[in-house]
Amino acid sequence: MSQAKRKAVALVSGGLDSMLAVRVIQEQGIHVEGINFYTGFCVEGHTHAIRKKDQGKDKRNNALWVAEQLGIKLHIIDIVEEYKDVLLNPKHGYGANMNPCLDCKIFMVHKALEWADKNGFDFIITGEVVGQRPMSQRKDTMPVVARESGAQDRLLRPLCAKNLPATLPEREGWVDREKLYDFSGRSRKPQMALAAQFGFSDYATPAGGCCFLTDEAYSRKLVDLWQARGKREYEMDDIMLLKVGRHIRPAPHYKLIVGREEGENNFLEGYRKIYIHLRPISHTGPLVLLDGEASEEDIVLAARITARYSKGHTAEQVTVQVTDLNGVSRELVVAPLSPDELKPEWHL
Amino acid sequence: MARYQLDARRLLCPMPVIRAQNRVAELQPGDVLEVTCTDPGALNDIPAWCRINGHRVLATRRDGNEVIIDIEVGDGT
Ligand code: SF4
């Protein structure tokens, strides 16, 4: 091993795999720092903050938590703007839902490489495992990530390195290939065994992927948004709102976002000034945002749907306050929509 | 040793942490950055970020819906 302590930057998602990868490399005397990318679609953070019922549960940011357990620094990078191009024009296409995993990984490793070069780091590590994920972590796609990100043989995957050609850190003897792993496939058992060996517990186990784009319902709402607007684009507010509330589209030109509980209603409050919004006043009930253009007839239907989700859903009449974009409010007295009038296909 | 302010209101985690991180990078050790947030999650995330990156939280307080966190910039170790 060379005199100067070698440095690696690790892609830290907050999940177990990257946590293990870091510890494996730390054990070889390498200085490791973490990098975490915020695309706007990350599962971390806000949904917990938004939904009241989740608030006590898991408010920690897992990437920060992992870094603290490992005793490494963590740099969180906002890639919201740059990520749009990755999501809208993925060269390698999408996975099962709107997740452009392969392009996403290439992009993140590329950004990590830029960071490494700027900060004097020697190589990059990830928690990837051959065969773990159907798109980005296949034997044939892992070299694609190394190549197209520009990282080439400076990209080391400690958990499955033995299944892949030796990388620069291995060839140079900065790390001992023999002490790396040969995990492959979808089984999580080897990771769990290694976690136990390192004494890790209480780690996060996100189902599916690290972001909302792997979620079918979320992807459907995103595609619906593009269809309704007639163009594929999004702003931060759009992607945040897709995470919140019930989304109901009674007609192509508008949809309703109905808060499901107090936390969501409070969150939606923040958008009152930019959306027409409705709320029952004769009964307790949700705050509802109207996204799109609505005729008077549409507003009445929206009010009836709002009433349907209020405590007055069985009442004959519910008074709903409607506020337009100028902040002017009026009251409508409506009959709540009956369950069979609310068409299942309106639910996004 | 100067005192600075950062408005991270209406941002949801992890954005307040990212903003604080980027501002701290421009400051000198010993400087104090006062971050004002509305996402209470920042009360967990910003101190965690400080602990792992060698900065110190001097005080946290709540003012209505706002959370205010004073960070003393460390020397990066
Ligand atoms: S799950 Fe999301 S963040 Fe993770 S690689 Fe796929 S697109 Fe990227």
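These legends describe close-up views of a predicted model. Local features need pLDDT of at least 70, side-chain atom pairs count only at pLDDT 80 or more, and totals for chains, interfaces and linings use all residues. Side-chain values use heavy atoms, without hydrogens and water; residues are numbered from 1 along each chain as its sequence is written, and chains are lettered from A in the order in which they are written.

**View 1. The ligand and its shell.** Which residues are around the ligand? They are A:Tyr83, A:Pro100, A:Cys101, A:Cys104, A:Cys210, A:Cys211 and A:Thr214. A residue is near a molecule if one of its heavy atoms lies within 4 Å of it. The shell divides into six nonpolar residues, one polar and no charged. Here Ala, Val, Leu, Ile, Met, Phe, Trp, Tyr, Cys and Pro count as nonpolar; Asp, Glu, Lys and Arg count as charged; the others, Gly among them, count as polar.

**View 2. Where chain A meets chain B.** In contact (heavy atoms within 4.5 Å) are 19 residues of chain A and 17 residues of chain B. The two chains bury about 1600 Å² between them, 62% of it on carbon and sulfur atoms. Buried area is the accessible area (1.4 Å probe) that two parts lose on being put together, summed over both.

**View 3. A salt bridge between the chains.** A:Glu68 pairs with B:Arg51, and their closest N and O atoms are 2.4 Å apart. A salt bridge is a side-chain nitrogen of Lys or Arg within 4 Å of a carboxyl oxygen of Asp or Glu. The count between chain A and chain B is one. On the side of chain A that touches chain B, α2 (46–50), α3 (62–70) and β3 (74–78) each supply at least two residues. The largest share, five residues, comes from β3(A). Helices (H or I, at least four residues) and strands (E, at least two) are DSSP runs, numbered from the N terminus.

**View 4. A salt bridge within chain A.** A:Lys84 and A:Glu235 form a salt bridge, with closest N and O atoms 3.4 Å apart. How many residues apart are they in the chain? They are 151 residues apart. A:Lys84 is in helix α4 (residues 80–88), and A:Glu235 is in the loop between α9 (216–229) and α10 (236–241).

**View 5. Two backbone details.** Most residues other than glycine have a negative phi, and most peptide bonds are trans. The bond from B:Cys13 to B:Pro14 is cis, with omega near 10°. B:Pro14 is in the loop between β1 (3–8) and α1 (15–24) of chain B. A:Asp202 has a positive phi, near 65°. A:Asp202 lies in the loop between α8 (189–198) and α9 of chain A.
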